Amino acid sequence: MVRCFLIHTVCPVTALSAGESRVLYSRLFGPDEGALTDQHRELSPEERRLLQKEKVAMVARQVRSAVSLSREASGQLLVEVVPGEEALALQEADSGVARLRAGDPFSEEMSALWLGVQSLGFTLVCEPHENLLLAEGTLRNLTRYCLEHMHMLGQGSEVLLRSNRIDALLSRLLPHGQLLFLNHRFAQSLEKEVAAYMVK
């Protein structure tokens with residue numbers, strides 16, 4: 001099962017200090033109880049929400065660090081992509097998997113699959129027994145739909161204002177955090193359904 005999906009920054013943004021990452025969108029799947037230790041179960045709903053927000057921010061910081069290391073190691077310069085070239089940006093995206101140890105930040109060990117596309121990071125946090133190849137395919141599909149239909153790489157892109165569209169994508173591609181095996185016919189019908197929804 002996928003525990004969470006998040007979109008966050010991976011490059012320095014003027015409002016943030018050099019090591020920070022801003023979470024632009026996050027969605028947690030499964031019961032909240034799995035992410036909490038015994039000492040946190042008595043917290044109020046607001047305190048639980050803040051704790052989960054901090055856990056997601058911790059994942060974003062770890063992925064940002066991994067993306068930075070990957071980009072430094074490759075030595076490639078980031079070239080700004082003009083609108084309409086989202087497929088090229090996705091093709092040249094940095095990708096990887098990070099192991100999140102138990103307690104750092106979730107109570108159990110997890111795997112974080114990430115894609116670094118320009119200044120954005122797209123991350124899926126999965127349980128360790130999950131099929132990582134299937135998870136990577138799902139993450140690439142989610143990222144492609146976000147980039148192509150919501151133009152997230154363009155100037156003035158407001159991810160926060162499009163959260164309902166991201167929610168709709170997740171409900172189709174990752175229902176309740178479950179990874180789907182997609183055959184060609186189902187993938188085509190899903191493509192049409194998503195395209196029809198996005199033009200509304």
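Colleague: In which sense do strand 3 and strand 4 pair, and over how many bridges?
Modeller: Strand 3 pairs with strand 4 (residues 110-117) in the antiparallel sense, over seven bridges. Pairing requires at least two bridges found by DSSP between the strands. Strands (E, at least two residues) and helices (H or I, at least four) are DSSP runs numbered from the N terminus.

Colleague: What stands opposite L100?
Modeller: M110, in strand 4. Before we go on: this is a predicted model, where local features need pLDDT of at least 70 and side-chain atom pairs pLDDT 80 or more, while totals for chains, interfaces and linings use all residues. Residues are numbered from 1 along each chain as its sequence is written, and side-chain values use heavy atoms, without hydrogens and water.

Colleague: Fine. What is the strand order in the open sheet of five strands?
Modeller: The order is 2-1-5-4-3, with antiparallel pairing. Strand 2 (23-28) and strand 3 (94-100) are at the edges with a single partner strand each, so one side of each has no neighbour in the sheet. From one strand to the next the twist averages 15°.

Colleague: And strand 1, which strands does it pair with?
Modeller: Strand 1 pairs antiparallel with strand 5 (residues 120-126) over seven bridges, with C4 opposite V125. Five bridges join strand 1 to strand 2, also antiparallel, and there I7 stands opposite Y25.

Colleague: Is strand 1 buried or exposed?
Modeller: Eight of its eight residues are buried, so strand 1 is largely enclosed by the rest of the structure. Buried means under 20% relative accessible area with a 1.4 Å probe, protein chains only.

Colleague: Which helix lies across strand 1 and strand 2?
Modeller: Helix 4 (residues 163-173), running at about 35° to strand 2. Angles run from 0 to 180 degrees between N-to-C directions, with axes fitted to C-alpha atoms, for helices over the stretch in contact (heavy atoms within 4.5 Å).

Colleague: Changing topic: what volume does the second largest pocket have?
Modeller: About 290 Å³, taken as the space filled by probe spheres set on the grid points. A pocket is an open set of points on a 1 Å grid where a 1.4 Å probe fits, with protein on both sides within 12 Å along at least five of seven lines; lining residues have an atom within 4 Å of a point.

Colleague: Which residues lie nearest its centre?
Modeller: V23, S26, K53, V56 and A57, out of 13 lining residues. Helix 1 gives the largest share of the lining, six residues.

Methods: Buried < 20%, exposed > 50% of the residue type's maximum accessible area, 1.4 Å probe, protein only.
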